[in-house]
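This briefing concerns a single protein chain and its predicted model. Please have the sequence and the model at hand while reading.

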Amino acid sequence: YLVASIFISCLVFFGTLSFLSSRENAQQAQVAVEIDQEQAFIDKISAYAKVLQSEYGVLPSISIAQAILESNWGNSELSKKYNNFYGIKGSEEANTVLMNTKEFVDEEWIEINGRFRIYESWQDSMNAHTQLFVEGTTWNPQQYAAVLAAENYNDAAYALQASGYATD
């Protein structure tokens, strides 16, 4: 009876170790896949971000970082279906889609239905994002001048926040 009990205990112990090890390996494999997908997204848009920098002065790190944040590495419904990497809104029904979104207002998250622009390509989305910085808003054409004037990503990121780029 003692030998059988020890044998069963060993089976349970080593079986558990084997299960935990295989689970950890699966998690590591999943992380590796996610990292590969994230790098692929950066590779996909970085060359075009550099083109936009040479034409308009927006730092590629800002274009890429905002695309990552706003589109969840290109995995959001808005980016996959409608090529909108930046959550850019619009008002015309012909070139927008109505979607539920969260906005950070008065120090809390609220849900709203918003109209988001539909783009023919992800490059068109990047162009619109860049043009927003270049042209500003209808109420303040100089709203993002400090973003364009920034010489490094840190200053540009602070300028984005100071200019009120997003609710969050």
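With which residue does Glu103 form a salt bridge? Glu103 pairs with Lys89, and their closest N and O atoms are 2.5 Å apart; a salt bridge is a side-chain nitrogen of Lys or Arg within 4 Å of a carboxyl oxygen of Asp or Glu. The model is predicted, so local features need pLDDT of at least 70 and side-chain atom pairs count only at pLDDT 80 or more, while totals for chains, interfaces and linings use all residues. Residues are numbered from 1 along each chain as its sequence is written, and side-chain values use heavy atoms, with hydrogens and water left out.

**Overall architecture**

- The chain has 6 helices and 2 strands, in the sequence pattern α-α-α-β-β-α-α-α; helices (H or I, at least four residues) and strands (E, at least two) are DSSP runs numbered from the N terminus.
- Of the 168 residues in the chain, 30% are buried; buried means under 20% relative accessible area, exposed over 50% and partly exposed in between (1.4 Å probe, protein chains only).

**Salt bridges**

- The count of salt bridges comes to 2.
- The Glu103–Lys89 pair links distant parts of the chain, 14 residues apart: Glu103 lies in strand β1 (residues 96–105) and Lys89 in the loop between α3 and β1.
- Glu103 is buried at 11% relative accessible area, whereas Lys89 is partly exposed at 40%.
- The side chains of Glu77 and Lys81 also meet in a salt bridge (3.4 Å, N to O).
- Glu77 and Lys81 are separated by about one helical turn because they are 4 residues apart in helix α3 (residues 77–82).
- Glu77 is partly exposed at 43% relative accessibility, and Lys81 is exposed at 54%.

**Nonpolar cores**

- The largest nonpolar core has 24 residues, and Ile45, Phe85, Tyr86, Met126 and Phe133 have the most contacts inside it; such a core is a set of buried Ala, Val, Leu, Ile, Met, Phe, Trp, Tyr and Cys residues joined through side-chain atoms within 4.5 Å.
- Two or more residues of this core come from each of α1 (2–56), α2, α4 (122–135) and α6 (153–163).
- A second, separate core of 5 residues includes Leu78, Val97, Met99 and Phe116.
- Beyond its neighbours within four places in sequence, Met126 is in contact with Ile45, Tyr48, Ala49, Leu52, Ser63 and Tyr86; contact means heavy atoms within 4.5 Å.

**Helix α2**

- Buried residues in α2 include Pro60, Ile62, Ile64 and Ile68.
- Asn72 follows α2 and has a positive phi, near 55°.
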